[in-house]
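Hello,

Here is the structure I promised to pass on to you. Please have a look at it first, and then read my notes below.

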Amino acid sequence: MNITVTQGNLADQSAAALVVSHFEGQTNPSGATKAIDDKLGNAIRALIASGDFKGKLNEVAVLYPRGEILSTRVIIVGLGRQEDFNLDRARQVAGAAAAKAVALGCRSVASEVHGAGTGGLDHKDAARAVAEGTELGAYNFVEYKSKKEIKGLANFTFVEIDSTKLAAMQDGVREGQIIGECTNFVRDLVNQPPNVCNPSYLAAKANQLSAAFGFNCRTLDVTEMRDLGMGAILGVANGSREPAQFIIMEYLPRTDRAPIVLVGKGVTFDTGGYSIKTAEGMAEMKSDMAGAAAVLGTVRAAAMLELQIPVVGLVPASENMISGYAYRPSDVLTALNGKTIEVTNTDAEGRLLLADALAYAKRYNPAAVIDLATLTGAAMIALGRGGAAAMFCDDDLLRQQLTAAGAASGERVWHMPLYPDYREWMNSDVADIKNSAGDRNVGVGASAAFLKEFAEGYAWAHLDIAPMAFATKSQPMKPYGAGATGFGVRLLTTLLQNWK
């Protein structure tokens, strides 16, 4: 999609649809909405007066002009109450409008920059938010539809009458579109079927990004991992005919700053192994590599935005399958840092991949390491699907920066405790640590305590993104729909842009 900013009057634009907005509780349109309403003979005012459009957040209505303006449709989107309006709401309403335009079959849209007028938002920030939201709302995954209906936006123009705001808005739109595109790239990866998206597929995608955007990429094969002593990931991978891959991406601008290392769980399909999942519980397990996908997307965004901070992405990728070679409960594995792990649950496999990756991260002498993983159902129970990602971090500055990035990006994180008791629950009689406490009531804290054993010598945060990575039709991520969400790209890119 081509997203641009132009100076002019919105009412003068020729497009398949114009987008205007209205605050809940206000009876009279204002700004660009009033200008369009005047052209339409007070049709918007009448719609509001009738009670058919109240301006609630993400509420959408469509009017069809009869030649009063050049455009075919007018989409009116609700901003919610003015006192509650913020950047994430601007992002959401742009997404709601884009989704409606796609549903109507529109190929071209012209819109105001929601929030940059009476909304009181900074012009650049508002433009970035609405560009992000437009990309997210217009997303469709139709790769495997045999009869593809062409439903997608080709051109989206934000129109601003004040020329002094134009340059800032153009910068904001550029940033927002890059972040939105990178998020949708992640959604494409996670939505892929597992017979396509296996560990080798992820490695190939990382190499394609490296060639396209100019960062370093290499992949350790099974022999190299074995020589290094990565017994945890190899133990998980034993049961699959697809070999494990350890993907290393290095975006290294010329600077003496220490890198931020991002680690993403890359289980491309999870049966649970011999601790097998139910058939119902297996249905979404193609999304168990959402953390890995988010790392690929964030490194891509860092390179496209030319951020002046080094970023390293580590992706341990494997399937968790059942076969005569699969690892078993009671097996003991040895991780890269030499610690031994008693396997008490083969469905607690993601933390084993992360154990080797977190140990590997130490060689970069990082400023911080952040891992992302769809790690536990317990996180979803604790915070609810679509609520927030569970954040475990005992470094004050890193925790504060992640929390601020979550608020700014609209990708929320919620700080969870790392009590010493959690580590005690992971004590093993036969090894240094076991991989599961064996009690789902302590699952989310115990999993973080396990990972902490391998995150040594640097500031570290663990993000359990299970509540946020995949949305169902019954619980969509409004207004962006169901399926993969791409969670993590907006959060981490905002963190990197504002890193202290």
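Let me start with helix packing. Helix α5 (residues 166-191) packs with α10 at an angle of about 155°, their axes lying 9 Å apart. Helices here are DSSP runs (H or I, at least four residues), strands likewise (E, at least two), and both are numbered from the N terminus. The axes are lines fitted to C-alpha atoms, for helices over the stretch in contact, with angles from 0 to 180 degrees between N-to-C directions. α5 and α10 are therefore roughly antiparallel to each other (under 35 degrees counts as roughly parallel, over 145 as roughly antiparallel, 65 to 115 as roughly perpendicular, the rest as oblique). The crossing of α5 past α10 is right-handed, where right-handed means that the near helix is turned clockwise from the far one by less than a right angle, and left-handed anticlockwise.

A second pair is α11 (residues 350-361) and α15, which pack at about 30° with their axes 9 Å apart. That angle makes α11 roughly parallel to α15. α11 also passes α15 in a right-handed crossing.

Before the side chains, a word on the source. This is a predicted model, in which local features need pLDDT of at least 70 and side-chain atom pairs count only at pLDDT 80 or more, while totals for chains, interfaces and linings use all residues. Residues are numbered from 1 along each chain as its sequence is written, and side-chain values use heavy atoms, with hydrogens and water left out.

Now to the charged pairs. The whole structure holds 22 salt bridges (a side-chain nitrogen of Lys or Arg within 4 Å of a carboxyl oxygen of Asp or Glu). Here are three of them, with a network.

Arg-128 and Glu-132 form a salt bridge at 3.2 Å, N to O. Both residues sit in helix α4 (residues 123-137), four residues apart, about one turn of the helix. Arg-128 counts as buried because its relative accessibility is 15%, and Glu-132 is buried too, at 2% (buried is under 20% relative accessible area, exposed over 50%, partly exposed in between, with a 1.4 Å probe and protein chains only). Arg-128 and Glu-132 also belong to a network of salt bridges that links them with Asp-88, Arg-91, Lys-124, Glu-175, Glu-411 and Arg-490.

Arg-385 and Glu-284 meet in a salt bridge at 3.1 Å, N to O. This pair links distant parts of the chain, 101 residues apart: Arg-385 is in the loop between α12 (377-383) and β15 (389-393), and Glu-284 in the loop between α9 (279-282) and α10 (290-305). Glu-284 is partly exposed, at 23%.

Lys-339 and Glu-453 form another salt bridge, their closest N and O atoms 3.0 Å apart. These two also link distant parts of the chain, 114 residues apart, with Lys-339 in the loop between β12 (332-334) and β13 (340-342) and Glu-453 in the loop between α15 (443-452) and β18 (460-464). Lys-339 counts as buried, at 19% relative accessibility.

One last item is Ser-200 in helix α6 (residues 199-213). Ser-200 is partly exposed, with a relative accessible area of 31%. Its C-alpha atom is separated by 9.0 Å from that of Ser-318, 118 residues apart along the chain.

Best wishes
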